[in-house]
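I opened this model to look up how its parts sit against one another. My notes follow in the order in which I took them.

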Protein chains: 2
Amino acid sequence: MISRDRILEAAGRVYAKHGFRGATTRLIAIEAGVNEVTLFRTFGSKGALLEAVLTHSDEQFSVPALPTLPVDPQAELTAYLGVALDKLRAMRPLLVHATSEVDERPEAARFACEGRHHAHEELRAYVLRLQANGLASDDADVNTAVAMLVSAVMGDVMGRPMVADTYPPIDEAAARYVRCFFRMIGANTGAAATTHRKSRSRIA
Amino acid sequence: MISRDRILEAAGRVYAKHGFRGATTRLIAIEAGVNEVTLFRTFGSKGALLEAVLTHSDEQFSVPALPTLPVDPQAELTAYLGVALDKLRAMRPLLVHATSEVDERPEAARFACEGRHHAHEELRAYVLRLQANGLASDDADVNTAVAMLVSAVMGDVMGRPMVADTYPPIDEAAARYVRCFFRMIGANTGAAATTHRKSRSRIA
DNA sequence: ACAGCAAGCAAGTAGGTACTTGCATACTCG
DNA sequence: CGAGTATGCAAGTACCTACTTGCTTGCTGT
């Protein structure tokens with residue numbers, strides 16, 4: 001039963017590279033250093049194997065929750081986005097293929113959607129807490145703002161490898177998204193340290 | 001030579017539905033109501049056909065430019081985003097498949113990236129014009145804000161069909177993104193008509 | 001009327017795909 | 001030691017894929 005894990009991980013890699021149709025059982029077997037029959041004996045069929053890969057993959061995906069009581073919103077959000085960006089970048093290839101196969105393989109839908117939905121709810125709740133504590137303006141369009149932030153993160157992860165030059169520098173991305181987001185929801189960006197950040201506002 | 005166009009459009013539809021590997025020549029021929037050999041006689045190979053589909057598709061894609069001299073930024077941007085959203089939604093399936101196949105079919109990259117890059121530059125230039133005319137704050141992080149707006153549009157197009165409930169209502173989307181964007185760049189949202197829009201700020 | 005060309009049709013080639021079967025090998029546990 | 005179990009290997013099945021060939025049909029322009 002050692003091979004099971006080897007196959008799972010190999011399948012993950014091959015699937016990430018070539019998508020479902022491109023991930024042939026032969027390729028997966030070779031990548032796992034395992035005989036092709038073992039693959040069928042262990043998982044039954046290619047479809048079942050790929051399903052196992054997806055559930056296995058989003059079991060491993062977890063982002064630390066945002067604090068219930070906001071104390072330093074800017075730092076908290078930046079850290080949250082930083083972790084989310086890292087984890088999402090690691091699973092980008094899987095995500096993009098899963099997204100494109102949602103129509104043909106419905107089991108991919110959960111994988112491609114669940115995360116976004118969860119993140120949206122978490123962020124939305126957090127902003128409502130900010131509002132409740134007077135840390136964000138009341139007339140903000142919270143839902144749209146959060147949707148834009150989530151899209152920014154997803155867009156960064158999905159698009160940066162293809163068109164890097166339209167995104168903020170990778171090591172500043174999280175912080176910049178947060179600052180822009182704070183302006184959207186009318187939160188004062190780091191009350192105490194109102195640094196004059198004018199010089200940083202242009203890039204290329 | 002009637003069949004050439006029929007094949008091109010049929011190939012577009014089949015490719016949009018099944019991706020490159022799933023778009024078999026047989027399927028395309030059937031969809032076009034044409035014999036399979038005609039397809040090879042006209043385009044030479046499946047790869048060449050799909051390349052023709054992509055170039056054909058982004059020739060047709062055009063969004064009206066933003067005005068050189070901004071007079072009603074909110075209306076102008078909203079209209080611009082509205083058109084972009086519509087056009088992108090129409091080509092979403094093509095886009096998502098092209099994105100997932102960038103690694104294997106480099107000719108798909110141009111198709112998947114060019115639009116985003118162009119839109120970013122156009123929007124960025126527009127915002128700089130807003131700033132020059134005193135219609136947007138000078139300390140805004142223009143590049144990041146524009147990246148977030150573009151991501152919001154792409155995210156809406158790509159994600160809404162899968163997780164509709166996290167996005168603003170489809171008929172208000174453009175306007176809401178623009179309002180949030182204006183807060184990001186410190187633009188006064190509709191100078192003359194400072195309507196009390198507090199009641200509209202929450203959704204679900 | 002006749003040449004030329006676009007298209008259909010039937011059949012075939014060479015290779016890849018998921019998946020199966022039968023048998024041999026090794027390793028583990030009682 | 002001996003039974004069970006996991007794995008490897010060789011071969012095969014049935015089907016799909018891109019692409020080709022040779023021949024026929026029908027329409028078009030001169």
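Entry 1: a tyrosine at the contact.
I started from A:Y177 and listed what it touches, leaving out residues up to four places away in sequence. Within chain A, the list holds A:L81, A:L149, A:A152 and A:V153. From chain B, the list has B:T144 and B:M148. I note here that this is a predicted model.

Entry 2: the nonpolar core.
Which residues have the most contacts inside the largest nonpolar core? I found A:V153, A:Y177, B:V153 and B:Y177. That core has 118 residues. A:V153 is also one of the residues that A:Y177 touches.

Entry 3: the contact between the chains.
I then looked up the contact itself, which takes 45 residues from chain A and 46 residues from chain B. On the side of chain A that touches chain B, at least two residues each come from helix 1, helix 6 (92-100), helix 7 (107-132), helix 8 (142-159) and helix 9 (173-184) of chain A. Helix 8 of chain A supplies the largest share of that side, 12 residues. By residue class, the side of chain A that touches chain B divides into 20 nonpolar, 14 polar and 11 charged.

Entry 4: how the two copies are related.
I checked what rotation superposes chain A on chain B, and it is 180°, with 0.0 Å of shift along the axis and an RMSD of 0.0 Å. This is the relation of a two-fold axis. Both copies use the same surface, since 98% of the contact residues of chain A recur in chain B.

I picked B:A147, which lies in helix 8 (residues 142-159) of chain B. Is B:A147 buried or exposed? I count B:A147 as buried, because it has 28 C-beta neighbours inside 10 Å and the cut-off for buried is 20 or more. Not counting residues up to four places away in sequence, B:A147 touches A:A152, A:T166, A:Y167 and A:P168 of chain A, and B:H120 of chain B. A:A152 is on the list for A:Y177 as well.
I also took two C-alpha to C-alpha distances from B:A147. B:L123 is 24 residues apart from B:A147 in sequence and 9.3 Å apart in space. B:E121 is 26 residues apart from B:A147 in sequence and 9.9 Å apart in space.
B:E121 lies in helix 7 (residues 107-132) of chain B. I put B:E121 down as partly exposed, because 13 other C-beta atoms lie within 10 Å, and that class falls between 12 or fewer for exposed and 20 or more for buried.

Entry 5: chain A as a whole.
I counted 9 helices and 0 strands in chain A. The C-alpha atoms of chain A fill a box of roughly 65 × 35 × 30 Å along the principal axes. Of the 204 residues in chain A, 42% are buried. I also looked at contacts in chain A between residues at least 6 apart in sequence, and 66% of these join residues at least 24 apart.

Entry 6: helix 2 of chain A.
Which residues of helix 2 of chain A are buried? I found A:I28, A:A29 and A:A32. They lie on the same side of helix 2 of chain A, because they cover an arc of only 100° around the axis. The general rule is that an α-helix has 3.6 residues a turn, so residues three or four places apart point the same way. What covers the buried residues of helix 2 of chain A includes helix 1 and helix 3 of chain A. After helix 2 of chain A comes A:G33, with a positive phi near 65°.

Entry 7: DNA strand D.
I listed 17 residues around DNA strand D, and A:S3, A:N35, A:T38, B:S45 and B:K46 come nearest. Two or more residues of this surface come from each of helix 1 (2-22) and helix 3 (36-43) of chain A, and helix 2 (25-32), helix 3 (36-43) and helix 4 (46-60) of chain B. Helix 3 of chain A gives the most, with 4 residues. The surface near DNA strand D divides into 6 nonpolar, 8 polar and 3 charged residues.

Entry 8: DNA strand C.
Around DNA strand C I listed 16 residues, and the closest are A:S45, A:K46, B:S3, B:N35 and B:T38. Helix 3 of chain B gives the most to this surface, with 3 residues. The surface near DNA strand C divides into 6 nonpolar, 8 polar and 2 charged residues.

Terms used. Residues numbered from 1 in each chain as written. Chains lettered and ligands numbered in written order. Predicted model: local features only at pLDDT ≥ 70, side-chain atom pairs only at ≥ 80, totals over all residues. Near = placed C-beta within 6 Å. Nonpolar A, V, L, I, M, F, W, Y, C, P; charged D, E, K, R; others polar. Contact = placed C-beta atoms within 7 Å. Arc of directions from axis to C-beta. Least-squares fit on C-alpha atoms with pLDDT ≥ 70 in both. Core = buried A, V, L, I, M, F, W, Y, C linked by C-beta atoms within 7 Å.
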